[in-house]
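Thank you all for making time this morning. Please take a moment with the sequence and the structure, and then I will walk you through the parts that I would like us to look at together.

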Amino acid sequence: MSTDIEITPLLNWINTHGKPLVIAGPCSAESEEQLLQTAREIAKIPQVQVFRSGLWKPRTRPGEFEGAGNKGLKWLRKVKKETGLKLAIEVAKPEHVEKALEHQIDIIWLGARTVVNPFSVQEIAEALKGNNIPVIVKNPINPDLKLWIGAIERVYDAGINKIAAVHRGFHYFEKSPFRNAPMWEIPIELKRIAPSLPIITDPSHICGNRELIPTISQKALDFEMDGLMIESHMNPDLALTDASQQLTPVALKTLLDNLVIREKSIDTEFYSKFEELRTEIDKLDGELLQILANRLKIIDEIGQFKKENHITILQMKRWVGILEDRMAQGTHLGLKKEFLQDLLALIHEESIQRQSDIFIGTKNRKKS
């Protein structure tokens, strides 16, 4: 993402009173009564600024409830008139954008299934030209940061500068307590790349289970995410979509009341200690990198020796012995087994690659 991209600060398009933005409402609009009843209760929660609801639901299989569609727009206008809450809906094609603008929707979002398709994103971006309605972009289903950034850039290139990203987790094949793995490193990297871009976490889609939502919500705020998008329904167990991940408005209020919002600014004494610890980390990182560089120099020498003496690159018995020994040492020092496995695998992969380059003569190496 270009560093000269100018995103309008969140506070300039929605007044959160210095608190995290909270978007809440049912997964999908099912009926006028369901929508209004839920909105009335959510409007009593002071932390919530925006009411969300899905009108056009992209479902995995045909025949499943796909939202109320266009008629839900009239229900949402009643919600806005009665509660004063801003409105947010998902759009998946240009016609949805046109309907949203026609019915004074305040915020639109691009869903995960839309973001995976650059053609769809571009069509929506074209429909947005000439309007500066705020747009929030969910991460794609798969953990692809470039694809996420690409969708944001397409919206920005259409002339929209009121943009936020939504972290809703990623599809993960391994067994996990979550519906979608949080993979916090991805939104954190996006925050590093685009510090002016607000990032909102969607704990409902990450968790898929209402019992886990408070933990993920707190973690999002601890990671300095700019807000939360949480699904809420008057009677979640009877919801036509995603019943298990929706909270009642009462449960939502309890959750929000119990979240700890930590100060980003710190006093001078604490800051001094904080900087001292950070300096120590910088020093250790420098030493760690130097040790890795020295190790790889020795790997190069071993690779040259193997080449000159016609020895194969991979010595499996030696690698198995190293792995067992380093795992034992590392776990004894308090390092997690999974972390050690990933770290050692990366080092071994780099070592094999360097020796392979030496064997085929592509590595420009100076002899000592």
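This is a predicted model: local features need pLDDT of at least 70, side-chain atom pairs count only at pLDDT 80 or more; totals for chains, interfaces and linings use all residues.

**A strand covered on both sides**

Let me begin with strand S4, residues 107-110, where both faces are covered: Ile107 and Trp109 on one side, and Ile108 and Leu110 on the other, are all buried. Strand S4 has a partner in strand S3, residues 86-91, and the two pair in the parallel sense over four bridges.

The secondary structure comes to 13 helices and eight strands, and the C-alpha atoms fill a box of roughly 80 × 50 × 40 Å, taken along the principal axes. Of the 368 residues in the protein, 43% are buried.

Now to the salt bridges, of which a search of the whole structure finds 17. The side chains of Asp106 and Lys80 meet in a salt bridge, with 2.9 Å from N to O. This pair links distant parts of the chain, since Asp106 sits in the loop between H3 and S4 while Lys80 belongs to helix H2, residues 71-83, and the two are 26 residues apart. Is Asp106 buried or exposed? Asp106 counts as buried because its relative accessible area is 18%, and the limit for that word is under 20%. Lys80, on the other hand, has a relative accessible area of 27% and is therefore partly exposed.

A second salt bridge joins the side chains of Asp202 and Lys138, at 2.8 Å from N to O. Here too the pair links distant parts of the chain, with Asp202 in the loop between strand S7 (199-201) and helix H8 (203-207), and Lys138 in strand S5, residues 135-138, 64 residues apart. Asp202 counts as buried because its relative accessibility is 0%, and Lys138, with a relative accessible area of 4%, is buried as well.

Asp300 lies in helix H11, residues 268-308, and it is buried, because its relative accessible area is 6%. How far apart are Asp300 and Asp357 in space? From C-alpha to C-alpha they are 9.5 Å apart, although 57 residues separate them in sequence.

Let me turn to the surface, where two patches deserve a look. Glu95, Glu98, Glu102 and Glu123 gather in a patch of negative charge, and the largest share of that patch, three residues, comes from helix H3, residues 94-102. Glu102 lies in this helix, and with a relative accessibility of 47% it counts as partly exposed. The other patch is nonpolar: Leu333, Leu335, Phe339 and Leu343 make up about 390 Å² of surface. Phe339, which is found in helix H13, residues 337-360, is partly exposed, because its relative accessibility is 45%.

Met183 has a positive phi of about 45° although it is not a glycine, and its place is the loop between strand S6 (163-167) and H7. Met183 is buried, because its relative accessible area is 16%. Glu224 also has a positive phi, near 65°, and again this is a residue other than glycine. Glu224 lies in the loop between H9 and S8, and, at 38% relative accessibility, it counts as partly exposed.

Key. Residues are numbered from 1 along each chain as its sequence is written. Side-chain values use heavy atoms; hydrogens and water are left out. Patches are made of residues with over 30% relative accessible area and no salt bridge: like charges are joined within 9 Å, nonpolar side chains (Val, Leu, Ile, Met, Phe, Trp, Tyr) within 5 Å. Accessible areas come from the Shrake-Rupley method with a 1.4 Å probe; for residues, only the protein chains shown count as cover. A salt bridge is a side-chain nitrogen of Lys or Arg within 4 Å of a carboxyl oxygen of Asp or Glu. Lys and Arg count as positive and Asp and Glu as negative; His and the chain ends are not counted. The place of a charge is taken as NZ of Lys, CZ of Arg, CG of Asp or CD of Glu. Buried means under 20% relative accessible area, exposed over 50%, partly exposed in between (1.4 Å probe, protein chains only). Two strands pair if DSSP finds at least two bridges between them.
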